[in-house]
Amino acid sequence: MQNEQNTYRNSNNDDQSIDIKNLIYICLSHWYLFVIGAVIALAIGFVINRYTTNIYQVSGTVLVKEDKTSFDPTSIMTGVSYGSMQNLENEMAILRSYSLCERVVKKMDLEVSYFEKGRIATTEMYKTSPFTVEFDRSVPQTVGLVYEVSILDNGKISLKAQSEYHKTYDFILCQTLSSQPSQITTTGEYTQGEWIDNGYNRIRIVLNERYNEETDPTRKMMFVINDYPTLVKSMSSYSVNATSKQSSIASIVMSGTNRQKIVDFTNLLLNEYVTRGLEKKNQVSENTINFIDKELSGIQDSLSTAEIDLQDFRTSNDLMNLDAQAQQVLLNLKALEKEKAELEVNLKLYQRLQSYIQMQIDDPENLAAPSTMGISDPLLNKLVVDLVTLSQTKAAQVVTLTDQHPTIIKMDEQIITYKKTLLESANNLVSNARMSIAEIDKRIAKAEIESRNLPQKQRLLLGYQRKFELNQNTYNYLMQRRAEAQILRASNTPDNEIIDEARIDRTVRVAPRNAMNYLIALILGLLIPALYLFLKDFFNVSILDRKDVEKLTQFPIIGQIIESSSKDPLVVINSPKSPIAESFRSVRTNVEYITQGKQKSVILVTGDSQSIGKTFNSINIASIYALYGKKTVLLGFDLRKPKLFQEFGLNNNIGLSTYLSNKDELEDIVQTSGKIPNLDIITSGPIPPNPAELIASEKCNTLFEKLKEIYDYIIIDTPPLGLVTDAFLLMRHTDVNLYIVRQGVTNKNIFGNIIKDIESRGIKVNIVLNGIKQENSYGYRYGSYKYGYSYAYSYGYGKYGKHDGYYGSGYYGEEDDKKKNKKNK
């Protein structure tokens, strides 16, 4: 039997599944917590929605032309079409870049921010400030210092600023000069337009056309000077994403607290991005034009000198034209020197290209085509296009692949091969140009030898004519190339195109999201009470319902005593028709079933601690038997802390302690209850020094033998089992042992340990659940029902409150029944 009980307890302890029905009962019985939580949460949601700064969002789109295969203006000069392969991911990275954002911030003139302080929140006055702050850029300025501005009645402007950090920024060099903790305090009154130098900033304040004399003096306004890194950081709250996987359109989404500000920033960002691309394309053409202009400045001087020398020679020698032989020699030399001049110009271009490729070879994505420099080598142009395309493809793949991926490794090898081939091609162009010039020089030398056979004057005229035409041909060639470069620059168009600009009427408020905030508040308002009740139930260590008892013991539960709203311990005597009296009648019936109809029985009532209702149950069980017509005696065997005599208003000068000490006889200590017939009381008497010894004495055995001869039922009120062993000593005299467990008071662990001890002693007990609330969150619910009497009971629902004393509370008595019946009528 012992093993079976242990097995039963272990199996119940292992069952830790959550009782959903029980949780539902808990929540329903505490509905008011959910109402309170929901109301408070919704109120908080309202405050958040009302006073949180609104955040707006706006968007713009730009078309990124990934594959430029249409007509290329460079083909006018070179006959070669160059397609610039742009990768969408790379372009989106440029849109997100710090440099582009800084460029936009500088053009928006955001160095000074204006604010107005309201009762709750502070808002920015973007383009709505009634005053303008100008600062001297030539002087380093303190940034991040918030100035409070007040416009006084006398027209002056009051400034006040205080800070614990000092940061100085140079707006010309665009760099921070110092940044350190430092106490700053400055105040003063100044005239409008006056330059203010307070040691931190050199500024002046000017009232603009938005100033209103009636309202602005009462406003609380502020301004702060910002450095560029801080501005870029604050304005970087935008995202750039492709509109779809198949398109090459990028969408820029900007968020901020000021609608006009984010619209202006988004539009300027789009414009600066497009302008940047065009400037990049024009940069090479500009460099080529500058190079040609530099060469032209030298050729112009040489041409002018050669022209003057030729004119002077003709005038002084009265010789205007060459003869036929000299003319032929001149034509040969002229053709050779023109070819040489073109080769020399090309050599310089090739050398510039060679240097450019060597500098840009490690950044192939930004490598410009040679055709933009006027170099029409098809192979070289193709190599550059292929290298740029391959590098951009790799950049896109690196986003999702590692450097060790086979595809990336293969691309790296191809890029290295293209770089080597490109450098070799550029070197070959330079070498070939030098070889061509050397060959021309040989042919020119041969023609010069032929010119020596001419007459002296013809030979001198030939020299002057040759020098003049050489410089003139070089000049004409350079002018032609310059015109071609200008045409190329003028024909450049942006590779990217703005599709949709941001508009003020398309801004959307994204925060606070009123409906979402209310929903979250409502969920939290319901979730927090539910979580509180769940944790309270989960971490509860007291017994709350019969399931808790059944998990700890196999001993039967023979009764459930509902809670009493009155402090009267004699509820069965004073309210015999009450529901709680019926609870005790149910216990009496179950006890008779256990004793199998014995005419006389000894019933012991005990528990594990104080305040669980042992004495209350002892009194009312004894009263039930007395009302049943049985001669009953109630023994107050709690010799250590007697209370039984107080409930009946009896004398406690003599009792069990004096009888067991041989000081009094049995007939001396027996007292009538004075409440109902058939019920006698034997109080505990004065507190003895040795209660356990008295209970274990032979005198105690004699006591029970005599009482059994006189009474039908003997009810024993004992001290708690968890504190002393008196009850165990008395169990040898009993027929039925009742263990009182009070809902919400009895500790599970203590109860489990005592039950284990009882089982180990081989003692049988029966459980009575005391203090059951008529409505509670743990499954004890009583509806209206009728007994077979001439009255009906409608059980109500008491509070889940604090226990008063050690008796419990909460029942409807006869007077309550009358009130309820009258109300129902």
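I looked up the largest cavity and found it lined by 18 residues, with K614, T615, D638, K643 and D717 nearest its centre; a cavity here is a set of points on a 1 Å grid over the protein atoms alone where a 1.4 Å probe fits but cannot get out, and lining residues have an atom within 4 Å of a point. I note that this is a predicted model, in which local features need pLDDT of at least 70 and side-chain atom pairs count only at pLDDT 80 or more, while totals for chains, interfaces and linings use all residues. Residues are numbered from 1 along each chain as its sequence is written, and side-chain values use heavy atoms, with hydrogens and water left out.

The largest cavity holds about 140 Å³ of space, and I sorted its lining into 5 nonpolar, 8 polar and 5 charged residues. Both α17 (614-627) and α18 (644-648) supply at least two lining residues each; helices are DSSP runs of H or I with at least four residues, and strands are runs of E with at least two.

I then turned to an open sheet of 3 strands, in the order β4-β10-β9 with antiparallel pairing, where two strands pair if DSSP finds at least two bridges between them. β4 is joined to β10 (residues 202-207) by 5 bridges, and E134 stands opposite R204 in β10.

Last, I checked Q141, which sits in strand β5 (residues 141-142) and is buried at a relative accessible area of 0% (buried means under 20%, with a 1.4 Å probe and protein chains only). The side chain of Q141 reaches the backbone nitrogen of R202 at 3.1 Å.

Terms used:
1 Å grid on protein atoms, 1.4 Å probe; cavity = no way out; pocket = protein on both sides within 12 Å on 5 of 7 lines; lining within 4 Å. Points joined across faces, edges and corners; volume = space filled by probe spheres on them. Nonpolar A, V, L, I, M, F, W, Y, C, P; charged D, E, K, R; others polar. Buried < 20%, exposed > 50% of the residue type's maximum accessible area, 1.4 Å probe, protein only. Polar contact = N/O pair within 3.5 Å; in protein donor to acceptor, adjacent residues only side chain to side chain.
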